[in-house]
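Try each task yourself before you read its solution.

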Amino acid sequence: MVLVAVVSFIDDIKPLSQLPRFVSHVIAVGLVFYELHLFYEPIWLLPIVFVLLIGWVNAFNFMDGINGITVLYALTAIVSFSFLPINKASLPLLITMGLSCFAFGLFNVRKKAKTFAGDVGSISMALFLGYFMIKTIIESGQLGYILFFSVYGIDAIITIINRLFKKENIFQPHRSHLYQYLANEMGYSHILVSFIYAGFQLGINAFIIYMDTKGYLTLFFIGGFLLLLTFIYLLVRKFVTRKLVLRNL
């Protein structure tokens, strides 16, 4: 985290090329693998987890588009991780990060934000959350906890696919996420949209924890629930984009 934070902080002050940023991310992911003993796992698993973690870090970095969404979504994940018994030993660290998010939120979750996460905040937080996601899945043996990131994850993946179809550079900043349409084009309050995203994700997380305690969190359920969330997201996105098209006619 220190490594990516330092590189990202420099990048915030004076933009760097892709190479030093990518190298820092690769080293950081390697250290996460070492910490979680992933190098002892089957070799075919490593590139999959590597791509997912690198993708998550970069996708989360693009989230800082409207006031409050990054910190509220991060806080939602931290609270959810804190409720899991397997993370009991890490509770002091999670509480510390949660309090840090709360302190930052006092200046960011407002109509006119006083400060923003920047790359230094969003990338560091993304790595922290990614670490705990992998740790939680490994120690619990439950893949279903990946749904803790489902709301923004689905938004990010669908947005990337949509931009690829439009032949856009997916590594460039954009305003194509659903939450950006809602806040920027539809005119809804940034804070309202951020709370909707965080609140919806918190509700999903509580449901996932409940289903796991009852023993219902099977692969079949995970796949079906993910398809349901994707279907709901596509319906909402189609409704919003159609409304924007009609407004611009």
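Before we start: helices here are DSSP runs of H or I with at least four residues, and they are numbered from the N terminus. Keep in mind, too, that this is a predicted model.

**Exercise 1. Two loop residues**

Find where Lys167 sits, and work out whether it is buried or exposed.

Solution. Step one: look between helices α7 and α8, because the loop joining those two numbered runs is the place of Lys167. Step two: check the accessibility. Exposed means over 50% relative accessible area, and Lys167 has 79%, so it counts as exposed. Step three: look at the backbone. The phi of Lys167 is positive, about 60°, although the residue is not a glycine.

Solution. His37 is in the loop between α2 and α3, where α3 covers 45–61. With 51% relative accessibility, His37 counts as exposed. Its phi is near 60°, again a positive value in a residue other than glycine.

**Exercise 2. A patch of charge**

Which residues form the positive surface patch?

Solution. Start with the members: Arg110, Lys111, Lys112 and Lys114. Lys111 lies in the loop between α5 (91–108) and α6 (118–140). Finally, check its surface: Lys111 has a relative accessible area of 77%, so it is exposed.

**Exercise 3. Salt bridges**

How many salt bridges are there? Then go through three of them.

Solution. A quick reminder first: side chains of opposite charge can pair when their charged atoms come close. For a salt bridge, a side-chain nitrogen of Lys or Arg has to be within 4 Å of a carboxyl oxygen of Asp or Glu. By this rule the count comes to 4.

Pair one: Arg21 and Asp11 meet through their side chains at 3.6 Å, N to O. Arg21 is in helix α2 (residues 18–35) and Asp11 is in helix α1 (residues 2–13), so this bridge ties together parts that are 10 residues apart in sequence. As for cover, Arg21 is partly exposed at 23% relative accessible area, while Asp11 is buried at 8%.

Pair two: the side chains of Glu139 and Lys135 form a salt bridge at 3.4 Å, N to O. Both belong to helix α6, and because they are 4 residues apart there, about one helical turn separates them. Glu139 is partly exposed, at 44%, whereas Lys135 counts as buried, at 9%.

Now the cover: Arg237 is buried at 7%, and Asp155 counts as buried at 0%.

**Exercise 4. Buried residues and their contacts**

Is Thr70 buried or exposed, and what does it contact?

Solution. Next, compare with the cut-off. Buried means under 20% relative accessible area, and Thr70 has 5%, so it counts as buried. Last, skip the neighbours within four places in sequence: Thr70 is then in contact with Phe60, Met63 and Asp64.

Repeat the steps for Gln180: which residues does it touch?

Solution. Gln180 lies in helix α8, residues 178–185. Its relative accessible area is 4%, so it is buried. Not counting residues up to four places away in sequence, Gln180 touches Gly65, His174, Arg175 and Glu185.

**Exercise 5. Sequence versus space**

How many Å apart are the C-alpha atoms of Phe9 and Ile123?

Solution. Begin with Phe9, which lies in helix α1 and counts as partly exposed at 47% relative accessibility. Along the sequence, Phe9 and Ile123 are 114 residues apart, and in space their C-alpha atoms are 10.0 Å apart.

Then try Asn162 and Ser100: what separates their C-alpha atoms?

Solution. Asn162 is in helix α7 and is partly exposed, with a relative accessible area of 24%. Asn162 and Ser100 are 62 residues apart along the chain, and 34 Å separates their C-alpha atoms.

Terms used. Residues are numbered from 1 along each chain as its sequence is written. This is a predicted model: local features need pLDDT of at least 70, side-chain atom pairs count only at pLDDT 80 or more; totals for chains, interfaces and linings use all residues. Side-chain values use heavy atoms; hydrogens and water are left out. Patches are made of residues with over 30% relative accessible area and no salt bridge: like charges are joined within 9 Å, nonpolar side chains (Val, Leu, Ile, Met, Phe, Trp, Tyr) within 5 Å. Accessible areas come from the Shrake-Rupley method with a 1.4 Å probe; for residues, only the protein chains shown count as cover. Lys and Arg count as positive and Asp and Glu as negative; His and the chain ends are not counted. The place of a charge is taken as NZ of Lys, CZ of Arg, CG of Asp or CD of Glu. Buried means under 20% relative accessible area, exposed over 50%, partly exposed in between (1.4 Å probe, protein chains only). Contact means heavy atoms within 4.5 Å.
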